[in-house]
Amino acid sequence: MSRILSTLDLQNASRCIMNTVDTSLWTCVIPAAGEGTRLSYNRPKVLYPILGKPILHHLVGLFQKYCSRFIVVASPKGAQEIQKELESCCNPNNFGMVIQKDPKGMAHAVWQACDIINTPHTVVVWGDQICLRDETISTTLAYHQSNSANVLTFPTVIKKDPYIHFQRDDSGRILKVLQKRENEISMRVGENDCGFFSFSTNSLFSVLKNGLKSPVFLGTQTNEVNLLQLFPQFEMGINQVNTLRIAHEDETLGVNTVEDAHTAESILRNRK
């Protein structure tokens with residue numbers, strides 16, 4: 001069952017739950033196996049500097065007051081460098097690393113962490129989503145943990161030229177997630193995610209276990225299983241899927257190109 005919350009709903013929800021996030025309930029997973037090829041960068045993309053700090057530092061800064069532990073998914077090639085950066089910005093007791101030996105998609109990357117997460121809830125944030133706002137993170141996590149029926153809660157924005165679009169039925173239930181990288185996007189305006197998702201840990205890895213076994217969920221162009229392709233599976237039974245409809249399009253920005261990096265720096269600088 002799906003519920004789409006408007007900005008007003010979010011304001012009311014925030015007052016009701018007081019935006020209190022219990023950090024002991026949350027682990028943050030950061031898929032970071034990507035290389036900085038499009039950035040002309042010869043290190044892991046998550047180490048690319050934005051305003052003088054690696055992307056990884058920005059992500060840890062965004063989530064460290066909400067999550068008790070970080071799990072970074074790295075490639076064999078990039079693991080050592082990422083480990084050093086983690087040691088400089090995290091308590092050694094608060095992070096772990098897992099290796100994705102083969103780049104089989106984001107679902108496969110997150111699956112690598114299945115044996116080392118002990119918290120009831122899990123955040124997944126793409127390794128370049130540094131323009132998220134604190135109020136978006138806190139409201140999403142607080143709302144998710146407020147009801148045991150919630151299996152997935154995430155923010156989206158209605159925007160022009162979407163990279164992602166959530167195809168829904170009349171009740172708001174997610175039927176399919178269309179992706180530009182799979183040549184599936186034809187609409188001029190769509191519902192785009194922010195690269196940030198909160199899950200019930202048990203539901204997350206149950207859906208991943210089944211999804212990774214099935215060729216049905218392979219991307220037609222990439223031949224990968226992206227986590228977003230599995231979102232309709234969270235709608236099964238009495239599960240509650242919540243979409244928080246936010247207003248700030250800049251939160252959808254991922255740092256993929258040098259132009260994106262300059263835009264991210266401008267966004268973050270203006271907020272200060």
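Here is a friendly conversation about the structure shown above.

Student: Before we start, which pLDDT do local features need in this predicted model?

Tutor: The model is predicted, and side-chain atom pairs count only at pLDDT 80 or more, totals for chains, interfaces and linings use all residues, and local features need pLDDT of at least 70. Residues are numbered from 1 along each chain as its sequence is written, and side-chain values use heavy atoms, with hydrogens and water left out.

Student: Good to know! Which residues of strand S7 point one way, and which the other way?

Tutor: Strands are DSSP runs of E with at least two residues, helices are runs of H or I with at least four, and both are numbered from the N terminus. Five of the five residues of S7 are buried, so this strand is largely enclosed by the rest of the structure. Buried means under 20% relative accessible area, exposed means over 50%, and partly exposed lies in between, with a 1.4 Å probe and protein chains only. Thr122 and Val124 point one way, and the other way point His121, Val123 and Val125.

Student: Which residue is the bridge partner of Val123 in S12?

Tutor: Two strands pair if DSSP finds at least two bridges between them. S7 pairs with strand S2 (residues 26-31) in the parallel sense over four bridges, with Thr27 opposite Thr122. S7 and S12 run antiparallel and are joined by five bridges. There, the partner of Val123 is Ser198.

Student: How far apart in space are His121 and Ser200, C-alpha to C-alpha?

Tutor: His121 is found in strand S7 and, at 11% relative accessibility, counts as buried. Its contacts (heavy atoms within 4.5 Å) include Trp26, His144, Phe199 and Ser200, not counting residues up to four places away in sequence. His121 and Ser200 are 79 residues apart in sequence, while their C-alpha separation is 4.7 Å.

Student: Which residue stands opposite Ile4 in S13?

Tutor: Five of the six residues of S13 (residues 240-245) are buried, so the strand is largely enclosed by the rest of the structure. Strand S8 (residues 150-160) runs parallel to S13 and is joined to it by six bridges, with Pro155 partnering Leu244. Strand S1 (residues 2-5) also pairs with S13 in the parallel sense, over four bridges. In that pairing, opposite Ile4 stands Thr243.

Student: And Lys180: is it buried, partly exposed or exposed?

Tutor: Lys180 is found in the loop between strand S10 (174-179) and S11. Asp161, Pro162, Tyr163 and Ile185 touch Lys180, not counting residues up to four places away in sequence. At 31% relative accessibility, Lys180 counts as partly exposed.

Student: What do the buried residues of helix H6 pack against?

Tutor: H6 spans residues 201-211, and its buried residues include Thr201, Leu204, Phe205 and Leu208. They pack against H4, strand S7 (121-125), S8 and strand S12 (196-200).

Student: How many residues of the lining of the largest pocket are charged?

Tutor: On a 1 Å grid over the protein atoms alone, a pocket is an open set of points with protein on both sides within 12 Å along at least five of seven lines, and lining residues have an atom within 4 Å of a point. The lining has 46 residues, with Lys45, Met106, Asp128, Tyr163 and Asn256 nearest the pocket's centre. Asp, Glu, Lys and Arg count as charged, Ala, Val, Leu, Ile, Met, Phe, Trp, Tyr, Cys and Pro as nonpolar, and the others, Gly among them, as polar. The lining divides into 16 nonpolar and 16 polar residues, and the charged ones number 14.

Key: On a 1 Å grid over the protein atoms alone, a cavity is a set of points where a 1.4 Å probe fits but cannot get out, and a pocket is an open set with protein on both sides within 12 Å along at least five of seven lines; lining residues have an atom within 4 Å of a point.
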